[in-house]
Amino acid sequence: TDMTKRLEDMTLEELWELFPIVLTEHNESWKQWAFDEIACLKTILGQVKASYHHIGSTAVNNIMSKPIIDIIIEIEDITTFATIKTILTHAGYICMSESESRLSLNKGYTPDGYAERVFHIHVRQTNDTDEIYFRDYLNSHSDVAKDYELLKLSLCTKYKHNRDGYTQAKTSFVNRYTELAKHLTAKTEPNPEQIK
């Protein structure tokens with residue numbers, strides 16, 4: 001469509017200007033939006049074998065967030081990447097980036113700014129889903145979730161029109177707690193050797 005063309009023709013700087021980073025109060029509807037979108041994705045993708053996860057700050061209780069719903073589509077078979085991309089782009093999602101092992105699409109960006117509901121869809125292989133660990137850790141450690149919110153608030157103004165800078169500035173915090181969460185999960189899951 002004409003609209004998609006216009007967005008895809010823009011430079012990163014133009015896109016960041018049109019879609020600034022804005023943090024809003026936690027909205028209880030976010031989880032429902034994610035649930036609805038996942039139901040929609042499952043219908044569209046039908047036969048594709050996948051798991052769906054609502055991730056990111058909108059999936060964390062009681063913290064401010066960019067009002068953008070992040071969803072991981074986790075697949076085991078990398079050969080389904082091309083199929084998923086074709087189906088979703090035909091359904092109106094815009095492919096933002098792709099590599100051999102990751103695909104990123106979005107919906108809800110218009111030439112006039114954000115639509116009411118905005119989605120980022122991350123297609124990943126199994127074991128490339130660290131965001132799930134981070135989400136679960138923040139949901140079970142509200143003090144750390146609040147620290148994360150404060151960090152984001154401190155970065156929001158500085159990086160309002162620089163999404164890469166904003167993401168980069170959060171990286172060490174995210175990595176630290178993701179590693180901690182993975183370590184804790186590894187300790188609580190039964191060791192396969194002990195089961196035999």
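**Notes on the predicted model**

1. The backbone oxygen of Val-60 is 3.3 Å from a polar atom in the side chain of His-26. The structure is a predicted model, and the distances quoted in these notes should be read with that in mind.

2. His-26 sits in the loop between helix 2 (12-18) and helix 3 (29-45). Is His-26 buried or exposed? Its relative accessibility is 18%, and the cut-off for buried is under 20%, so His-26 counts as buried. Leaving aside residues up to four places away in sequence, His-26 touches Thr-58, Val-60, Asn-61, Asn-62, Ile-63 and Met-64.

3. Asn-62, one of those contacts of His-26, lies in the loop between strand 1 and strand 2 (68-75). Asn-62 has a positive phi of about 60° although it is not a glycine. Most residues other than glycine have a negative phi. With a relative accessibility of 52%, Asn-62 counts as exposed.

4. Asn-127 is another non-glycine residue with a positive phi, here about 75°. Asn-127 is placed in the loop between strand 5 (113-125) and helix 5. Asn-127 is exposed, because its relative accessible area is 72%.

5. Which residues of helix 5 (residues 130-140) are buried? They are Ile-132, Phe-134, Arg-135, Tyr-137 and Leu-138. The buried residues of helix 5 pack against strand 1 (51-55), helix 6 (142-156) and helix 7.

6. Arg-135, in helix 5, deserves a separate entry. Arg-135 counts as buried because its relative accessibility is 17%. The side chains of Arg-135 and Asp-136 are joined by a polar contact of 2.8 Å. Not counting residues up to four places away in sequence, Arg-135 touches His-53, His-54, Ile-55, Ala-59 and Val-60.

7. Now the open space. The largest pocket holds about 1,500 Å³. Of the 48 residues that line the largest pocket, Asp-70, His-120, His-122, Arg-163 and Thr-167 are the closest to its centre. Which element gives the most to the lining of the largest pocket? Helix 7 (residues 163-188) does, with 10 residues. By residue class, the lining of the largest pocket divides into 19 nonpolar, 14 polar and 15 charged.

8. Strand 3 (residues 94-98) and strand 4 (residues 102-110) run antiparallel and are joined by four bridges. The hairpin that joins strand 3 to strand 4 passes through three residues. Within this pairing, Cys-95 has Leu-105 of strand 4 as its bridge partner.

9. A last point concerns sequence separation. How many residues apart in sequence are Leu-12 and Asn-162? They are 150 residues apart, yet their C-alpha atoms are 8.8 Å apart in space. Leu-12 belongs to helix 2. With a relative accessibility of 43%, Leu-12 counts as partly exposed.

Methods
Residues are numbered from 1 along each chain as its sequence is written. This is a predicted model: local features need pLDDT of at least 70, side-chain atom pairs count only at pLDDT 80 or more; totals for chains, interfaces and linings use all residues. Side-chain values use heavy atoms; hydrogens and water are left out. Helices (H or I, at least four residues) and strands (E, at least two) are DSSP runs, numbered from the N terminus. Buried means under 20% relative accessible area, exposed over 50%, partly exposed in between (1.4 Å probe, protein chains only). A polar contact is a pair of N or O atoms within 3.5 Å; within protein, one must be able to donate a hydrogen and the other to accept it, and residues adjacent in sequence count only if both atoms are side-chain atoms. Contact means heavy atoms within 4.5 Å. On a 1 Å grid over the protein atoms alone, a cavity is a set of points where a 1.4 Å probe fits but cannot get out, and a pocket is an open set with protein on both sides within 12 Å along at least five of seven lines; lining residues have an atom within 4 Å of a point. Grid points are joined across faces, edges and corners, and a volume is the space filled by probe spheres set on the points. Ala, Val, Leu, Ile, Met, Phe, Trp, Tyr, Cys and Pro count as nonpolar, Asp, Glu, Lys and Arg as charged, and the others, Gly among them, as polar. Two strands pair if DSSP finds at least two bridges between them.
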